[in-house]
Amino acid sequence: MSEAGTETVAAEAGAAPEKVTPGRLVLRHMLGHRATTAALAGIVLMILVAIFAPLLAPYDPNYANVLHRHQGPSWVHLLGADGIGRDTLSRIIYGTRTAVWTSFESVALALVVGVPIGLLVGFLGGWWDRLAMRVTDIFQSIPSLIFAFALIAVLGRGTNQTALAVAIVFAVILMRIARALALREREFLYVDAARVAGMPTWHILFREILPNTVGPIIVEAAIMLGSAIMIITMLSFLGLGLDATVVDWGSMLDEARNYQATHPYLALPPGLAIIFAVLMFNFAGDGLRDALAGKQSARRAPRRRKKPGSAAGAVAAAELPAPDVIAVRGLKVEFPGGEAGAKPLEILSDVSFSLRRGETLGLVGESGSGKSMSALSLLGLVPTPGEVTSGEILFGGRDLAALPEAELAAIRGREIAMIFQDSIAGFSPVHTIGEQLAEPLRIHKGLGEAEAKARVVELLDLVGVPNARERIDDYPHQFSGGMAQRASIAMALSCGPRVLLADEPTTALDVTIQAQVLDLLGDLQRRFDMSVLLITHDLGVVAETCDRVVVMYAGQIVEEGAVADVLSRPRHPYTYALLTATPREDVRMDRLPTVPGSVPPPWAWPRGCRFMPRCAFARAECGQGPVPFVGGTRCLRAGELQLEVVR
Amino acid sequence: MSRQPLLEVRDLVVSYGKGSALFGGGEPFVAVKGVSFDIAVGEGFALVGESGSGKSTIGRAILGLVSVAGGAISFDGQDIAAFGRHIPLSFRRNVQVVFQDPRSSLNPRRTIRDTIGQVVERHFGTSAKETEARVGDLLAKVGLASYFMHRYPGELSGGQRQRVAIARALATEPRLLICDEPVSALDVSTQSQILNLLADLRRDLGLAYLFISHDLAVVRQVADVVAVMHHGSIVEMGASEELYRNPSHAYTRMLLSSVPKPDPEGREERRAMRVALRKAVNASPAA
């Protein structure tokens, strides 16, 4: 166990520094939104009014002073008095108590009944699930108000009876939601792990699955609180539901109806109270939903980059040395820091490389190295809120880093095409592969329908999709992973791009399919004299396919050179460490060489050499300041180290 | 090593009922077609194959996560299929699992202490204080400091999460550990740390492993015996060194030739061989 022990310290290096519980994060998101904050305050106010009604109400809500009948607002009756002289303000205050109590009671009851049943049937599946779903179908085909009428007719009027009627309607809805959530969560391996550990079913349901489903359930419950108030006041207004001794907004409205012609003002206070309560719960529910969604990472979206002033550079952008198709110079990408006023996080620092005509360049690194970010920035696809803050990307006499979105859009797909790891996700599931491949041909190349179709068949043939003529009518889900990647390559090639960016194109594929797709990419690259930028974490893939390679670590390029040189005589200790740590199928080693620790997150990048904490060859001077990129590597000791890879 | 196998799998058949239209209109899809193998005490056994070969399904069948359509699985002489839906804790104690993706296999809403501690409590009925001490020991075994128990999975790196998943599996003191692609979601530099850790644990605790992996390079480092799966059947099985040096089945040869090597020298020859083997496999009706 000693070895494992020595790795302890290093393994901790990558730990996140900040401790934020999920709950606190959601609250922070919610309070950041003004409407939600106001809604939460409104709900707290209603609850306080409900609790302290006897202290707040100036009169007994049932005390009728006949002399004050139909009095308008005055200092005696702030909101006036009703048809038999009861104080409207006091009745609104006591009505708040009724509304809050009945809505919370019905929703709580619905939660207690609906959620566990939903979780259970979703988790068990099979017959249980089918039975429960048929029952809910029957329930949901009965209009809920009529169902409530029927139930109250049987049980009689009363606060609890009404709450029960509403609760049953809501319980069915919550059951459906809980079931759907359980079906989703059940697919996660933590549920399997709990089963394998021998945890009982109730434990898996309530301790494992439930905590992961509370978010959507609470959102729904918050909105239901509003709906409950609506339904219950509606029932009272119709003279059903709550019994006559209870003060509530619905019956106030009903009474106001009797004097509508002579005293229309009477309907105003209860009406406004109902609107206020329902709105508060709905806003709070929506805010909660947004706050929960806010935790998910930002979507990838095209974005304006670089400071506007530099746009002039787009025209002036310069002459490239002859063999270069794309030259990236001093590229820096930053994301805003987490807290307001925090320093921006530098995700890419001084990235410079060039892609030559007709070559395959490997961009290699582990997760968090910045390799994908580099590729995305070439096409102006840095995910928000990140931005390119300096540097240039020269391509065909233009600086892509300063080009407006419209011009970039014209380059994407036509001059520079891209393929991704998850190729099926790149296709729309509702259109056939043929339609989707034909579209860019019709739009960009102006081909007619028949011409486009013939060209699509040709392209699919080219990338080795068998029976291309029949398969163009297939939908993406009918393609296997390897075939989908071939189709996405066909799509990328359709407009004859000069450059192909391939971001981990074979990572999701089986090893035999990977070999086929890589061989295909090599063939096509030679045939069309394309330049390919291949982003990968696999040095084996680099060795099999690339001419040159750029190695990235923690947002910097640490080494660059011809594949034959870099992979046999690496000059940077990180490249060397990666090479020796990569297991090989042709050798068995008793102990794999390891690199201690893991790639640190951007906020923990060292000031000096970023690999220093994990480097076996580090010296004190390595930590003193940023290490320059000299002679194809970013290592102070490059001159003295002899890093031969033994095979 | 004892002669008596720890795990015996005989003619195992697993099928998924009412397959989609893709698999021929309601016909059940047979994922595992009569597979047999043994794992001895302390042995490292690997199932390799591509996605859809049925290798993961075998692991799930042994864990009782999918139902078995035919054949027998016995652990320590005890038939697992006889348990039905309710698998006794004694079996759960002996056979544990480490899944591929520690992001999904650890509950994001629970602390590491809860995730590991609940397993300890379930199997050993420990008090809160004892549980905490055990969780600390388990974390130490996988090379993590004890303060990690107060963290959530989201606060850990991929390698640290996988260490936690291993610690959870060790919590029951199992004799067989099923590792379903234990390192394929990890970066290269972290991957070798985890593989070394698994090797150390095997040596120190006398664990037997069932490795399930598509990665032939990784499997070579950890397995004593390797079975190659293709379309639900084992096409070749043998001692690891022998199989890698002298693959006899055409599919195994193609599989091995498809693994990219981090050595640019000779890549053109490798490529030519790969293409030839591919043709050979496609031509043979068996594959």
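Predicted model: local features only at pLDDT ≥ 70, side-chain atom pairs only at ≥ 80, totals over all residues.
Let me begin with chain A, where the domain assignment gives domain 1, covering 22-294, and domain 2, covering 308-505. If you take the C-alpha centres of these two domains of chain A, they lie 50 Å apart.

Staying with chain A, please look at the open sheet, which is formed by four strands in the order β2-β1-β4-β5, with antiparallel pairing. At its edges are β2 (345-356) and β5 (398-399) of chain A, each of which pairs on one side only. Strand β1 of chain A, residues 324-335, is joined to β2(A) over eight bridges, again in the antiparallel sense.

Which residues have the most contacts inside the largest nonpolar core? That core has 259 residues, and the ones with the most contacts inside it are Val166(A), Leu533(A) and Phe211(B), a list that takes in residues of chain A and of chain B. The element that gives the most to this core is helix α10 of chain A, residues 201-237, with 15 residues. As for Val166(A), leaving aside residues up to four places away in sequence, it touches Ser106(A), Ala148(A), Ala228(A), Ile231(A) and Ile232(A).

Turning to how the chains meet, 66 residues of chain B are in contact with 61 residues of chain A. On the chain B side of this contact, helix α7, residues 188-205, gives the most, with 10 residues.

Finally, chain B has its own domains: the assignment gives domain 1 as 5-102 + 175-246, written in two segments, and domain 2 as 248-287. The C-alpha centres of these two domains of chain B lie 25 Å apart, and seven residues of domain 1 of chain B are in contact with eight residues of domain 2 of chain B. On the domain 1 side of that contact, α8 (216-222), β9 (225-230) and β10 (233-239) of chain B each supply at least two residues, and the side as a whole has four nonpolar, two polar and one charged residues.

That is the end of the tour, and I am happy to go back to any part of it.

Technical notes. Residues numbered from 1 in each chain as written. Chains lettered and ligands numbered in written order. Domains from an automatic or database assignment. Contact = placed C-beta atoms within 7 Å. Nonpolar A, V, L, I, M, F, W, Y, C, P; charged D, E, K, R; others polar. Pairing = 2+ DSSP bridges. Core = buried A, V, L, I, M, F, W, Y, C linked by C-beta atoms within 7 Å. Buried ≥ 20, exposed ≤ 12 C-beta atoms within 10 Å, placed from the backbone.
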